[in-house]
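Student: Could we go through this structure together, starting with how its strands are arranged?

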Amino acid sequence: MKKYVIIAIVAFTGFCSVKANAQTKIAHINAQALIESMPEYKKAQTDIEAYAATLEKESGALVAEYNKKMKDFENAPKDESDAMKAVKVKEIQDIQKRLQDYEQVAREKIGQKQGDLLKPVYDKARKAIEDVAKEKGYGYVIDNSGGTLLVSPAGDDILNTVKTKLGVSTTAAPAAAK
């Protein structure tokens, strides 16, 4: 008999916990639209573009040197020795290699700059989402900005609530918002 009472208590407890879990509130947000609406994001994007432009300007000297060497090679006298042609080809190849290396380093630098400037923006947005979820009692917040969520349970869209919390205008939505 004692055994049946214990089983009944365990079953009842399990039933209650399933019922409690079934009542968890769910919300969704287009996190990309939120981030793109933040002034900090817009400033970071402007700074990243300016940084990329300076790196591109620096690569201009290498491109100019490459173009000059190519023009010199193309305008070389027809009776130029094979050894001299080989030296010029080697110089052109060296400049091509330096240009490729510079472009790779520039991409890495831009990626690092993006990470440095955008991390605080993403962290701020995430914190605001977490705060709103906690305030409103949401157990789950689903990011629907990726567009890969095919089926989801009904939930509340908290985009405007989070924007309000961040002090971002809720009237103008970026093109990415759906």
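Tutor: Let us begin with a term: two strands pair if DSSP finds at least two bridges between them. The model here is a predicted one. In it, S1 and S3 pair in the parallel sense over two bridges.

Student: Which residue stands opposite Asp156 in S3?

Tutor: That residue is Ala27.

Student: In what order do the three strands of the open sheet come?

Tutor: The order is S2-S1-S3, and the pairing is parallel.

Student: New topic: which residues touch the most other members of the largest nonpolar core?

Tutor: The core has 22 residues, and those with the most such contacts are Ile29, Leu34, Met38, Ile158, Val162 and Leu166. At least two core residues come from each of S1, H2, H3, H4 and H5. H4 gives the largest share, seven residues.

Student: What is Leu34 in contact with, leaving aside its neighbours within four places in sequence?

Tutor: Leu34 is in contact with Ile29, Ala125, Ile129, Leu159, Val162, Lys163 and Leu166.

Student: How many residues does H3 have, and how far does it reach?

Tutor: H3 has 36 residues and reaches 51 Å from its first C-alpha to its last, close to the expected 52 Å.

Student: Which residues of H3 are buried?

Tutor: Tyr41, Ala44, Ile48, Leu55, Ser59, Leu62 and Tyr66 are buried. Their cover includes H2 and H4.

Conventions:
Residues are numbered from 1 along each chain as its sequence is written. This is a predicted model: local features need pLDDT of at least 70, side-chain atom pairs count only at pLDDT 80 or more; totals for chains, interfaces and linings use all residues. Side-chain values use heavy atoms; hydrogens and water are left out. A nonpolar core is a set of buried Ala, Val, Leu, Ile, Met, Phe, Trp, Tyr and Cys residues joined through side-chain atoms within 4.5 Å. Buried means under 20% relative accessible area, exposed over 50%, partly exposed in between (1.4 Å probe, protein chains only). Helices (H or I, at least four residues) and strands (E, at least two) are DSSP runs, numbered from the N terminus. Contact means heavy atoms within 4.5 Å. The expected span of a helix is 1.5 Å times one less than its number of residues.
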